[in-house]
Every structure is written in C-alpha cells, then in structure tokens.
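Subject: Structure for you to look at

Hello,

Here is the structure I promised to pass on. Please open it and keep it beside this email while you read.

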Amino acid sequence: MSSNLPQQRIMDILWRRFVIVAPYLWLFIFFLAPFAIIFKISFADPIVAQPPFTPLFNFSVQADKWFYFTLDNYRFLLEDNLYWISYLKSFKIAFISTCLCLLIGYPMAYAIARASPVWRNVLLFLIILPFWTSFLLRVYAWMGMLSTHGVINNLLISIGFIDQPLKLLYTDFAVYVGIVYSYLPFMILPLFANLVKLDFDLNEAAADLGAKPLVIFRDITLPLSIPGIIAGSLLVFIPALGEFVIPALLGGLDTLMIGRTLYDEFFSNRDWPLSSAVATVLLLILVLPMMIFQHHQINETDYQE
Amino acid sequence: MNRQRSTFLITVLCFGYAFLYIPIIMVMIYSFNDSRIVSVWGGFSFRWYLALLDNRQIIEAALLSLRIAFISATIATILGTLAGLALTRMGRFRGRILFTGMIVAPLVMPEVITGLSLLLLFVSLQDFIGWPGERGATTIMIGHITFSMAYVAVIVQSRLMSMDQSLEEAAMDLGGRPFRVMIDITLPIIAPAMLSGWLLAFTLSLDDLVIASFVSGPGASTLPMWIYSKIRLGVTPDINALATIIITIVSIGVVIAGWLMLRQEKQRQQDVQLAYNNNL
C-alpha cells in the first residue's frame, strides 16, 4: 500500500485544515465580526441617509474631520429612563422566570430520571416534541388561552369562580407564563441529563441509615445536581433576557423588555446608532453569564473525554 | 414515605405535561370552529382550512420559508458537522477557545442581537464590496445557517464523543487516509446525529421571526413574518388552522424520525451482540 506518498500527506494536511477553517471562517465572518460593527456604529450619529448613520472614518475631501465619533448614544441611554427601566425589568422578568422554570422543571426532570427506561423515553420525547414545533405558534397558543374571552376566563366564569373576565393577556403575568412555557424544555433537558447519571444507590444507602427523604435530597441529590441546575438556568436566563417575541405578543405596553425596546428603536424610530448602543450594553451584561456557560460546557466535554 | 414521593412526582408530571400540551390542543380544537368570533364555539367546520388554500400570500410565504429552511439546514449540517469534527477529532489547535466560544454563544445569544449585528454587517459589506445587493432570501439563509450550525455542531459533537474511537484508530493504523476513514467509518456512525441536526436546523429556520425581520429586504416575507404581522392584533381563526397544520406536520415528522433512529440503534445493538456471540 503506497500510503506515504507526499501527495497524500499534503491531502491529509489540507483535509485537516479544511475541517477546522471552514466552520471557523464562517462563524468569524457572520457571528464575531458583526459585533465589531455594532460596536463601531454605536459611536455614530443618526443621519437621514442610506445607511442612516455617520461614518467613523471619512476620507472624502469635503469632510472637515477624517475621524468622527460620539458618545451621545451612551449618554442618552444613561439619561433616558426608558432604557434603565427596560434593562431592569428584563433582568427581573428573566430572573423570576428562571426560578419558576427551575421550580417546575426540577421535579419533572427528577421524576423522568427515576422512571423505568421505557417510560423515560416516552416522557423525554414528550418534553422535546413541543421544542421542535414552532416557538411563535406556541406563544400564539397562549394568546388564545389568556385573552378576555379566552379558554381560562371562560372556564373560570363557567364554574362560577369569577363573574367578570380577568385581564390576563397583555400583562406581565402573561409574559411570565409565556417564558416559562417556552423555555421549560431548556431547563428540563440538562437537569435530566445530570440527574439520570446520579447513582441512586447513595440515596438508598442514606435511607437505610435512617436519613429522612428531605435530608437525603438536600444533602445528596441537590449538591450533585448543581451542574445541571447551572446549565439549565443559564439556558433559560440568557435568551429570556433579550426575548422579543413573548413580550411583544403577550406583554402590555408597560412590559418594557430590552429586546422589545431595541426592536422598536430600530424598526419604528429607525435610530440605528442608538439601537447599536442598546445592543452593545446588553452584550456586555450577557458576557459574564455566557462565559460561565461556555466554561461549564467545556468542563462537561473534558470530563467526558 | 416512598409511596408519598411517587404520588408527588406523578402529580407534578401530570400538571407539567398538561401545562405543555393544553394550549396547543386548544388551538387545534378551535381551528375547527365555524364561528368567526374565536372564543365562541359555532359548530365544526373546515372553512378556515379552505380559506388558507385560497390565500396566495400564505402559500408564497410558506414556499419561501421552506426553500430557505431546506438550503440553510443543508449548509448548516455540513458546516456544523465539520465544526463537531474539529472539536472532537483534531486535538488542540490555535484559537480553539475562541472556536468553542463561537459554537456555544449562538445557542444562547438573544435573537435581537444576532439579527441587528448581521444586518449591520450586510449594510457595511454593501458599502465596501457591493455585496449582497438586495437583501432577501440569501441574507436570511446566511443568518439561519449561522445560528443553526451551532446546534448541529453540539449534536454531532456529543455523538462523536460517545462513539468508540478505536474503530477510526484501527482504520488509520491499517493505512487509511483521514479523509477516507471519515467517509467510510465516521460518517455512517454519526449519520443519525447529522439527520437530527438537519431536522433541528430545518425547523429552527422555518420558525425564525426575529433574525429574518432584521436581515430581510422589502421583497421577501417569510411565513413567520407573515404570521406575526397578523397575530400582533390578536387571535384569528385562520392562524389557528395554519398553526394546526404546521404543528401536525412537524410532530408527525419528529415522531417518524425518532422511531427510525430508535430502530436503527436497536439494529446496531443487535449486530454488536451477534458479532460478539459469533466470536465466542
């Protein structure tokens, strides 16, 4: 076998290069580089032109300065309450939703992990199935549930619990329901992956030695499942913080979440530099949780290797 | 005590699954409602389904979305599989940390940021090199490839990590070139993961509203963009029908794909068992 021809060696090296470089280059151009552009434009002034912002460098003859940059957008973010309220409210809604997902998702993931293998597959499949079907349509489904003459109000009135329909849709409550509903699978799956690996002999040993179930849970199961809790919580918290569709469809006018504010700033006011500044600040807020998430993912993969 | 615990867990599961499924089931039921007023039941009818067939806008938007989803899922599967291979089979290389970061970040990155940043990239590229010209299907595809290849990469990566590397090593020791080993040995084993990656990329693309709204031009309106423009103002019966159709098709597809993969996995395990017994 003529396996060591120099030609073939070159092919091997080229193949190796290709495997790494092709996806690397794509992500570099279309994922990483755009952030630099957002950053750049956040220092520009909005103008009525195509594109609607001033250039950072201007080498044309009629320009009085070849370099132009302004901090006005960031100053505006600090001064205008709208943005403060949006960031804080997004943070609050994302945080509470994450806690709610954890409260509902943990017992479910635990129950699935303790089920018999056949049941486990079925239950897990039923968690994943809604995740495959349209996100937009699942949020839409809650509009029908929560509206003034929707399913929940009709039910409550027909059993005589209330006489007047409650205002459920277009409230913060609806946004919480929507986020918990949409992101619950993201909480359950990593928790399940973690809990199913736990050695339940430990629990039985503790029980044989007389430990109460709650104590066993607190001292054994809970500490061992912390990696799952972290992964699940970040998978819910980070996207929820910048969520647009759910507050836009289920929230009221006062449900100011930053994703929605950014979207409106961009599409209604056409202020590209200001939206870039809003996005830059949001990215800075997210850098830390994302680094924790990445660190966690790498640890997980190294462990499995 | 044990009985108490399992009663608690079963109750939690029942409520949890009810929470996940009742809203979708209600949409499906109301899609057959004859009444124009969404909340009042006016008898069973297919009229909203028939109305959809007459709506040229929906059909055009759906065809555009399917085309974008098909092409972007295919390219995302190729790039994502390469990324998965790079992360598991290429050892250490320069910029690996940045690479893993770029794979992991799109999974959690809020869509408004991805959408805005891609649009600004396209506008800047237009200024410098005169490409991509008109924004539309192509720019939407690029956006979808970028975030869905990360999902494919993660799925393929976890499959590659769980698979037995000794097969590939044996083939290499016998003089197989890396490219051929990958085609003959690795690919058949990770094919199910690539298929689920493709399906996921396909549905993610079919479903995306935010990124498409940012990077699309005036001409191109995808199905989610069309749906969003209608449901912003409230619940409408024809969207109920459309939702029922989409959810039913996707669910059937996922069930069939899941079943095929389960069967293939069983077959593989049987083959392994058989080979083992024959060698005893």
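In chain B, the axes of helix 2 (residues 47–54) and helix 11 come within 8 Å and cross at roughly 85 degrees. Axes here are lines fitted to C-alpha atoms, for helices over the stretch in contact, and angles run from 0 to 180 degrees between N-to-C directions. Helices (H or I, at least four residues) are DSSP runs, numbered from the N terminus, as are strands (E, at least two). Helix 2 of chain B and helix 11 of chain B are therefore roughly perpendicular to each other (65 to 115 degrees; under 35 is roughly parallel, over 145 roughly antiparallel, and the rest oblique).

On the helix 2 side of chain B, the contact is made by Trp48(B), Tyr49(B), Ala51(B) and Leu52(B); helix 11 of chain B brings Pro237(B), Asp238(B), Asn240(B), Ala241(B) and Leu242(B). Two residues are in contact if their C-beta atoms, placed from the backbone, lie within 7 Å. The residues of this contact divide into seven nonpolar, one polar and one charged. Ala, Val, Leu, Ile, Met, Phe, Trp, Tyr, Cys and Pro count as nonpolar, Asp, Glu, Lys and Arg as charged, and the others, Gly among them, as polar.

This is a predicted model, in which local features need pLDDT of at least 70, side-chain atom pairs count only at pLDDT 80 or more, and totals for chains, interfaces and linings use all residues. Residues are numbered from 1 along each chain as its sequence is written, while chains are lettered from A and ligands numbered from 1 in the order in which they are written. The model scores ipTM 0.88 and pTM 0.89. Chain B averages a pLDDT (the predictor's confidence in each residue, from 0 to 100) of 88, and 99% of the residues score at least 70.

Now the two chains together. In chain B, 68 residues are in contact with 81 residues of chain A. Helix 1 of chain B gives the most to the side of chain B that touches chain A, with 13 residues. That side of chain B divides into 52 nonpolar, 12 polar and four charged residues.

Last, one residue of chain A. Leu123(A) sits in helix 4 (residues 117–132) of chain A. Is Leu123(A) buried or exposed? Leu123(A) is buried, because 21 other C-beta atoms lie within 10 Å (buried takes 20 or more, exposed 12 or fewer, partly exposed in between, with C-beta atoms placed from the backbone). Not counting residues up to four places away in sequence, Leu123(A) touches Ile112(A) and Ala115(A).

Regards
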